[in-house]
Amino acid sequence: MEARGASALSIAEGVRSGKLRAREVTEQFLDRVARLDGGLGCYLLVDAEGARRRADAVDAAVKNGSDPGPLAGVPLGIKDIFCTKGVETTCASKILRGFVPPYESTVTARLAAAGAVALGKLNMDEFAMGSSTENSSVKPARNPWSTAHVPGGSSGGSAAATAASLCTGAIGTDTGGSIRQPASLCGVVGMKPTYGRVSRYGVIAFASSLDHPGPFGRTVEDTAALLEVMAGADPLDATSIPAPVGAYRQAARAGREGGSALKGVRLGMPAEYFQPGMDTEVEAAVRAAIEELRAAGATVVPVSLPNTKYAIATYYLICTAEASSNLARYDGVKYGYRTGEARSLEELYTRTRGEGFGAEPKRRIMLGAYVLRAGYYEAYYGKALRARRKIADDFAAAFAQCDAIVTPTSPVPAFKLGERMADPLQMYLADIFTVAPDLAGIPAISQPCGFTKAGLPIGLQTIGPALGEEICFRVAGAYESRTDWHTRLPPEVA
Amino acid sequence: MATDWEVVIGLEVHVQLATQSKIFSWSSAAFGADPNASTDPICLGMPGTLPVLNRAAVESAVRLGMAAGCHIRTRCRFARKHYFYPDLPKGFQISQFDEPICEGGAIKFRLRGEPRSIRLVRIHMEEDAGKNVHAAGGVSFVDYNRAGVPLCEIVSEPDVRSAEEAAEYVRAVRTLVRYLGIGDGNMEEGSLRCDANVSLRPRGTEKFGTKTEIKNMNSFKNVRDAIEHEVKRQATLLDRGERIIQETRLWDAARGVTQAMRSKEQAHDYRYFPEPDLPPLVVSEEQQAKLRASLPELPEDRFARYSGPAGLSAQDAGVLAAEREIADYFDAVVAAGAPAKRAANWVINDVLGRVGDPRRLGAGDVPVPAAALAELVTLVEDNTLSGKLAKDVFAKMWTERRRAKEIVAAEGLAQVSDGGELEEACRRVIAAHPEEAARFSSTPKLMGFFVGAVMKETGGKGNPKAVNEILRKLLA
Amino acid sequence: MSRITPDEVRELALLARLALSEQEVARMTSDLGAILTYVDALRELDTAGVEPMTHAVPFDCPLREDLVAPSLPIDAALANAPRREGSFFQVPRIVPGPSGGAAEEDL
């Protein structure tokens with residue numbers, strides 16, 4: 001079996017039918033990781049023993065005729081934000097180095113129960129704060145298409161590992177764009193589902209009302225298959241949606257129906273996402289993609305999302321407030337890093353946190369503490385919550401005129417390592433096209449739609465209404481079936 | 001000349017709810033486990049964990065609010081309250097801020113016989129913190145067993161006017177909590193805690209003086225003593241023209257003083273915001289109606305019924321109304337046919353002395369169930385059994401778990417009221433004591449001697465009233 | 001005109017329990033200043049009469065039954081503790097603090 005470029009579902013079908021053995025597939029991928037990850041920095045931890053055990057269990061199930069699961073033998077990478085029982089989980093932060101959770105996240109448990117084989121924990125921006133994975137306290141991750149460039153973030157390791165076939169799929173989290181933007185920069189598919197569609201239990205919290213766990217895949221259907229297993233109500237998450245999980249693979253396949261796959265589908269193009277001054281290559285690729293969708297039968301209508309320009313400000317007020325709260329528990333008392341001799345409680349806290357957190361978490365904690373202060377709450381946080389509703393209402397109004405909205409995922413292709421680190425605000429602005437669906441809690445998918453002349457991927461984003469994952473998969477599936485960007489492979493540097 | 005200071009006190013009482021599991025997680029909420037043996041990833045605040053709300057905690061909070069006459073919000077919210085302290089695992093407490101579950105209401109009780117009603121601002125739900133245990137050698141230890149146990153915080157208006165009243169208020173909260181069966185209300189064990197805000201103002205003025213917050217009062221007596229001390233301390237300062245510093249002071253029971261806390265962060269910015277992990281809580285009108293129907297008759301209503309229509313003394317009414325199990329037992333004895341006053345005497349003098357924990361009366365394994373006591377009382381009422389013998393019968397009923405009628409029949413204790421038999425006995429006694437009989441007309445108190453002798457003669461079974469009448473007739 | 005002063009930054013750092021070097025204070029002052037200036041743009045948005053959106057889910061808080069599940073074994077609860085003494089988590093000695101409902105005991 002050719003591991004490089006292999007799709008998750010092709011492996012699942014192979015293992016389920018007995019043509020492939022999960023253990024062999026696992027060894028192939030572990031070998032790839034060992035040979036190739038040095039230059040990419042995708043993995044923070046490779047759990048070879050655990051992977052082999054799981055693969056053997058899958059093979060045993062197939063052998064004795066029991067159902068090995070829909071993702072039997074599928075090698076996956078797990079963003080190091082998901083708590084994995086008995087396996088170190090750090091969020092790429094010094095303050096959680098050595099933390100071994102005594103519990104498993106709901107998502108990773110479901111994937112394991114479906115037969116998937118987790119190979120290890122993937123690199124990320126510390127506490128999911130960043131858009132380039134340069135904020136990892138361990139090492140940066142690199143874009144497989146050009147290792148001088150960033151893979152995006154915060155789920156940079158997940159996107160890069162999927163692109164480089166160091167796994168056939170991965171899971172990550174998207175709070176301001178952290179699945180879609182790296183997917184776009186690395187030329188793979190990445191999906192942020194509706195808020196609450198996928199359980200957050202065991203997902204280390206960055207911004208509770210904005211965190212969305214979701215899948216990465218090489219193809220739209222692969223991604224849909226992962227989401228089908230991940231999604232669904234969870235008694236351990238009071239914000240998880242009770243509604244039944246949709247038929248996402250089916251929706252992805254429906255898009256492949258040839259010439260009129262999208263007949264009757266209205267696609268909205270928001271003017272605010274196609275402003276003059278855009279990167280010309282990105283604009284050209286996305287507009288061409290939209291033409292392709294039109295050729296597949298869709299109608300394209302102009303829509304407006306007038307409050308788009310406030311999305312970044314709104315996002316950074318809400319996410320930092322929630323982050324400053326969620327990160328208050330890291331104090332050196334119960335788990336993680338602890339400063340050396342602290343002579344008082346105050347020293348224990350301030351030094352542990354001062355030494356344990358990187359610059360970006362510290363910045364966001366400070367900003368969050370500021371905006372929640374008595375007297376400032378209404379002006380900042382309260383205001384942002386109202387702006388959030390207006391942004392959500394914009395989408396609701398737009399969806400009265402269209403079934404899905406199409407936009408670029410990222411305003412720019414991958415930038416060079418170090419290019420945006422000097423100015424935090426510059427980094428924040430990279431989220432401009434991804435942030436609004438997080439605020440509104442609506443689903444959005446990114447898929448490759450072209451390359452720059454320099455060979456860097458460009459991403460197309462399809463946004464759906466709440467619980468509209470199916471329309472996203474259908475549109476994305478239709479586009480994919482008419483193009484071959486998803487079959488391109490990044491160079492291999494042994 | 002010293003000013004006439006009016007004492008103004010507001011109280012914050014934390015009630016631990018006796019649910020089986022914690023408010024946001026599934027560990028046991030029971031008291032007394034080994035350190036850190038009753039924890040789970042959620043109450044330890046481990047990364048990635050989320051709160052899931054316990055239905056029983058909500059129901060207890062609603063019932064408490066209803067019993068205090070509060071308005072119950074159909075929609076309320078949880079909020080995060082932030083501060084750094086080792087016993088607070090997440091660095092914030094999940095509490096309620098803007099939209100608490102209960103608003104308004106009042107706690108009613110009697111202060112030296114006078115009815116009092118202290119208005120409430122609100123009652124809200126929150127989670128308890130763990131426990132810091134101090135040791136020598138520059139270290140402290142933390143036990144998270146208690147972290148996540150459900151609490152209701154009851155916040156009063158500053159309507160309390162004396163240390164004594166404050167103690168009675170807290171006692172009334174305890175009684176209510178136990179009546180509802182939502183908690184133990186035990187200050188010594190920490191399942192009921194009280195902080196007081198105390199200030200003084202010249203009597204007749206409206207503007208509030210500077211208040212201090214008093215903490216660490218872990219008994220009713222401590223509540224009273226601590227506040228009394230603080231009032232004196234403030235009055236002394238104010239009389240000297242000095243200011244009161246707004247601060248938190250801890251009561252030191254051993255030394256009998258309040259001490260300002262050394263912590264430099266007196267004013268806390270808790271940075272409240274709505275808890276994102278818990279959507280708003282809805283308690284519908286329908287659910288509220290069900291919970292309201294489950295409320296028992298409340299302590300003050302029982303007291304009013306006992307001291308009013310039932311004609312019991314305030315003291316007796318108070319004893320019977322103090323615990324729901326006692327009141328329920330008493331009501332059942334009366335419902336089974338015993339007259340209120342007599343039933344009250346028996347319950348107070350005989351049952352309560354023997355039962356130990358009065359809550360056993362509600363447990364169903366009482367040696368003398370209410371109906372059995374009523375049967376005994378009825379036997380005395382209808383002169384079948386003398387009052388004196390009844391005491392002995394009751395003792396047997398309690399130790400041997402037998403019914404009164406059965407004991408009376410088995411041991412032939414039925415009171416003799418038959419005039420003939422009694423007259424015979426009287427005549428025999430009079431005949432046996434001729435000198436006393438002769439002296440009777442000049443020494444009427446010899447009646448006691450004769451009655452006693454007749455009782456002895458009849459083995460204690462003579463009806464004393466009848467004996468008295470017959471002797472009077474014979475000795476005349 | 002600076003949106004936040006170094007002294008405010010130091011005060012905030014204490015509130016957030018973050019020890020910052022003087023260099024970090026300087027950097028933080030300019031970073032936060034720039035970000036606050038940027039988010040100030042939100043002021044021009046008219047939000048009169050708009051309900052705050054605290055949750056992205058349209059349903060109410062689900063309730064769970066009052067059932068007890070086994071606790072973590074003590075060793076598992078303490079396995080990640082940076083400093084442990086017997087069955088306790090260890091911290092430097094605490095001076096009586098602000099805890100809302102908690103009581104403290106002296107050994």
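**Salt bridges, domains and interfaces**

Reply: To begin with one side chain of this predicted model, B:Arg403 has a relative accessibility of 39% and therefore counts as partly exposed.

Me: Which residues are joined into one network by salt bridges that share partners?
Reply: In chain B, salt bridges with shared partners link several side chains into one network. Its members are B:Glu297, B:Arg302, B:Arg305, B:Arg324, B:Asp328 and B:Asp331.

Me: How many residues apart in sequence are the parts that B:Glu103 and B:Arg73 tie together?
Reply: The side chains of B:Glu103 and B:Arg73 meet in a salt bridge, at 3.1 Å from N to O. B:Glu103 belongs to strand β7 (residues 102-103) of chain B, whereas B:Arg73 sits in the loop between β3 (71-72) and β4 (75-76) of chain B. B:Glu103 is partly exposed at 26% relative accessibility, and B:Arg73 is also partly exposed, at 21%. The parts of the chain that this pair ties together are apart in sequence by 30 residues.

Me: About how many helical turns separate A:Arg23 and A:Glu27?
Reply: A:Arg23 and A:Glu27 form a salt bridge whose closest N and O atoms are 2.9 Å apart. A:Arg23 has a relative accessible area of 24% and is partly exposed, and A:Glu27 is likewise partly exposed at 27%. Because the two residues are four apart in helix α2 (residues 22-36) of chain A, the separation is about one helical turn.

Me: How many salt bridges does the count give over all chains?
Reply: Side chains of opposite charge can pair when their charged atoms come close. Applied over all chains, the rule gives a count of 83.

Me: What distance separates the centres of domain 1 of chain B and domain 3 of chain B?
Reply: The domain assignment of chain B gives domain 1 (5-290), domain 2 (297-410) and domain 3 (419-475). Taken over C-alpha atoms, the centres of domain 1 and domain 3 of chain B are separated by 66 Å.

Me: Is B:Lys456 buried or exposed?
Reply: B:Lys456 is found in helix α14 (residues 446-457) of chain B, and its C-alpha atom is separated by 9.8 Å from that of B:Val429, 27 residues apart along the chain. The relative accessible area of B:Lys456 is 74%, which lies over the 50% limit, and B:Lys456 is therefore exposed.

Me: Which three residues supply 30% of the area that domain 1 of chain A buries against domain 2 of chain A?
Reply: Chain A is divided into domain 1 (8-268 + 279-305 + 397-487) and domain 2 (311-385), with C-alpha centres that lie 28 Å apart. The two domains bury about 2,300 Å² between them, and 69% of this is on carbon and sulfur atoms. More than any other three residues, those that supply 30% of the area on the side of domain 1 are A:Ile95, A:Met129 and A:Tyr428.

Me: How many residue pairs are in polar contact across the interface of domain 1 of chain A and domain 2 of chain A?
Reply: At this interface 28 residues of domain 1 of chain A are in contact with 25 residues of domain 2 of chain A. The rule finds zero salt bridges across it. For polar contacts, with both residues at pLDDT 80 or more, the number of pairs is 11.

Me: Which element gives the largest share of the side of chain C that touches chain A?
Reply: Between chain C and chain A the buried area is about 5,200 Å², and the count of salt bridges is four. One of the salt-bridge pairs is A:Lys362 with C:Glu24, at 2.8 Å between the closest N and O atoms. On the chain C side, α1 (6-15), α2 (22-39) and β3 (88-92) each supply at least two residues. The largest share, 10 residues, comes from α2(C).

Note on methods:
Residues are numbered from 1 along each chain as its sequence is written. Chains are lettered from A and ligands numbered from 1 in the order in which they are written. This is a predicted model: local features need pLDDT of at least 70, side-chain atom pairs count only at pLDDT 80 or more; totals for chains, interfaces and linings use all residues. Side-chain values use heavy atoms; hydrogens and water are left out. Domain bounds come from an automatic or database domain assignment. Buried means under 20% relative accessible area, exposed over 50%, partly exposed in between (1.4 Å probe, protein chains only). Contact means heavy atoms within 4.5 Å. Buried area is the accessible area (1.4 Å probe) that two parts lose on being put together, summed over both. A polar contact is a pair of N or O atoms within 3.5 Å; within protein, one must be able to donate a hydrogen and the other to accept it, and residues adjacent in sequence count only if both atoms are side-chain atoms.
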